[in-house]
Amino acid sequence: MPSICVCKNIRRSENKEERGKNKEQRGKNKEERGNLTSHILISYLNTKKMKAVVISQFGGPEVLKIEERPRPVVHPQEVLVNVRAAGVNRPDVFQRKGNYPAPKDSVADIPGLEIAGVIEAIGSDVTAWKIGDEVCALVSGGGYASYVAVHEDMCLPIPMGMRLEEAASLPETVYTVWDNVFRRGLLKRGENFLVHGGAGGIGSTAIQLAKIFGATVYTTVSSEEKSTYCRRLGADYIVNYNNEDFAEQWKGIGIDVVLDSIGGAYFDKNISLLADDGRLVYINAMQGGKVELNIFKMMQKRLSITGSTLRVRDLHFKKQLTKDIREKLWPVMGREFKTAIFKRFSFQDASEAHRIMESGDFCGKLILVF
Ligand SMILES: NC(=O)c1ccc[n+]([C@@H]2O[C@H](COP(=O)([O-])OP(=O)(O)OC[C@H]3O[C@@H](n4cnc5c(N)ncnc54)[C@H](OP(=O)(O)O)[C@@H]3O)[C@@H](O)[C@H]2O)c1
């Protein structure tokens with residue numbers, strides 16, 4: 001008897017184990033069917049077309065052409081965004097001219113570094129978002145298109161009270177300023193901050209964020225109109241560089257952090273304006289990257305000189321930055337921070353948007369709508 005019991009028990013446990021295995025198998029089948037369904041859906045969506053603004057060859061604004069392209073492939077951790085608006089940035093102009101190639105993992109001939117839109121499909125491993133969610137995102141290229149695939153951790157919700165096209169104007173400048181002014185430049189409450197080109201996209205964001213976080217803001221512009229614009233954004237001291245020398249004007253004040261994209265002759269002036277322990281941060285050098293540094297000045301004031309480019313950073317870095325921005329910055333977006341859209345263009349008029357950007361005859365941001 002005992003042996004039968006043992007046998008039964010074994011059989012029971014074998015049956016239980018089998019039932020468990022069957023259940024596990026059914027679960028796997030269901031999961032596979034789920035994956036297959038989303039795979040079929042994604043494959044189907046990938047066969048569909050999208051509209052894109054394409055750099056047909058390097059050159060002037062006229063080289064931007066509208067083309068039909070296959071929609072991007074959506075990987076398991078990506079979402080497919082139906083783009084409603086894309087921001088235009090100075091680096092897009094450099095890319096169009098052939099001076100700023102897209103990183104390897106990004107589409108080479110469709111510019112565009114920031115978008116906002118509605119999620120139309122999700123990859124099989126996406127957990128953070130669902131179809132229909134509205135998001136904005138930093139992308140490493142391909143933003144001038146009616147669809148982009150974005151890693152789920154790179155998407156941000158639309159800030160409270162903002163329209164999609166306003167949200168599309170945020171990522172490129174917000175990421176750049178947050179990383180360079182606050183993480184590298186370590187700008188703190190009560191410090192003096194100088195940003196050159198205050199009326200541009202980067203400048204508009206830098207002025208506002210520095211004010212929100214309690215700094216005194218200095219900026220340079222080329223006209224009275226741009227000066228008025230910067231004052232409205234909150235800049236405390238403004239120099240029209242066509243009329244005055246900013247280095248003379250602000251001599252002896254002691255600037256704690258400078259954000260510069262001009263380079264050239266501005267380098268020495270920035271060095272002379274910096275306070276003890278000042279930080280000089282470069283995000284471009286439009287007037288030249290080769291400068292002369294007096295090492296003794298740097299030592300005497302204990303200066304830090306740094307800089308960075310955002311686009312080439314890897315996904316891991318960008319995901320961390322997105323998390324940081326969502327936690328520390330997103331709560332003030334749409335409340336204290338106001339978007340500064342100068343003009344909206346249909347994506348079909350992307351060439352015109354680039355012409356205006358190159359003329360410099362605008363304040364704030366230019367936006368393409370789809
Ligand atoms: N490193 C990165 O990761 C990164 C990311 C984004 C952008 N960027 C760079 O940041 C810069 C600004 O980009 P953006 O999109 O804001 O361009 P933008 O909107 O065209 O703004 C550039 C501004 O610079 C001003 N400017 C030109 N020459 C000047 C000078 N000599 N002194 C003072 N201001 C001057 C222009 O206005 P005025 O008419 O007043 O001169 C304009 O407002 C670009 O060089 C871009 O490549 C770098």
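**Close-up views of a predicted model**

**View 1. The largest nonpolar core.** This core has 96 residues, and those with the most contacts inside it are Val 81, Ile 115, Cys 136 and Ala 137. Strand 3 supplies the largest share, seven residues. Both domain 1 (47-170 + 312-369) and domain 2 (173-307) give residues to the core, so the core lies between them.

**View 2. The surroundings of Cys 136.** Cys 136 is among the residues with the most contacts inside the largest nonpolar core. With its neighbours within four places in sequence left aside, Cys 136 is in contact with Ile 115, Ala 116, Leu 156 and Ile 158, and also with Ala 167, Ala 168, Leu 170 and Pro 171. One of these partners, Ile 115, is likewise listed with the most contacts inside the core.

**View 3. Helix 11 and its buried face.** Helix 11 spans residues 350-359, and its buried residues are Ala 350, Ala 353, His 354 and Met 357. Seen down the helix axis, these buried residues fall within an arc of 100 degrees, and therefore they line one face of helix 11. Their cover includes several strands, namely strand 1 (49-55), strand 2 (64-70), strand 3 (78-88), strand 14 (341-346) and strand 15 (365-369), together with helix 2. Just after helix 11, Gly 360 takes a positive phi of about 75 degrees.

View 4. Ser 222 is found in the loop between strand 9 and helix 6 (224-233). Ser 222 has 15 other C-beta atoms within 10 Å and is therefore partly exposed, since a residue counts as buried at 20 or more and as exposed at 12 or fewer. Not counting residues up to four places away in sequence, Ser 222 touches Asn 240, Tyr 241 and Asn 242. Ala 199 is 23 residues from Ser 222 in sequence, and the C-alpha to C-alpha distance between the two is 9.0 Å.

View 5. Leu 186, a residue other than glycine, has a positive phi near 50 degrees. Leu 186 is placed in the loop between helix 4 and strand 8 (192-196), and with 14 C-beta neighbours inside 10 Å it counts as partly exposed. For Arg 302, also a residue other than glycine, phi is positive and near 55 degrees. Arg 302 has its place in the loop between helix 9 (295-301) and strand 13 (304-307). Arg 302 counts as exposed, with 11 C-beta neighbours inside 10 Å.

**View 6. The chain as context for the close-ups.** The secondary structure of the chain comes to eleven helices and 15 strands. Of the 370 residues in the chain, 43% are buried. Among contacts with a separation of 6 or more, 68% are between residues 24 or more positions apart.

Definitions and conventions:
Residues numbered from 1 in each chain as written. Predicted model: local features only at pLDDT ≥ 70, side-chain atom pairs only at ≥ 80, totals over all residues. Helix = DSSP H or I, 4+ residues; strand = E, 2+ residues; numbered from the N terminus. Arc of directions from axis to C-beta. Contact = placed C-beta atoms within 7 Å. Core = buried A, V, L, I, M, F, W, Y, C linked by C-beta atoms within 7 Å. Domains from an automatic or database assignment.
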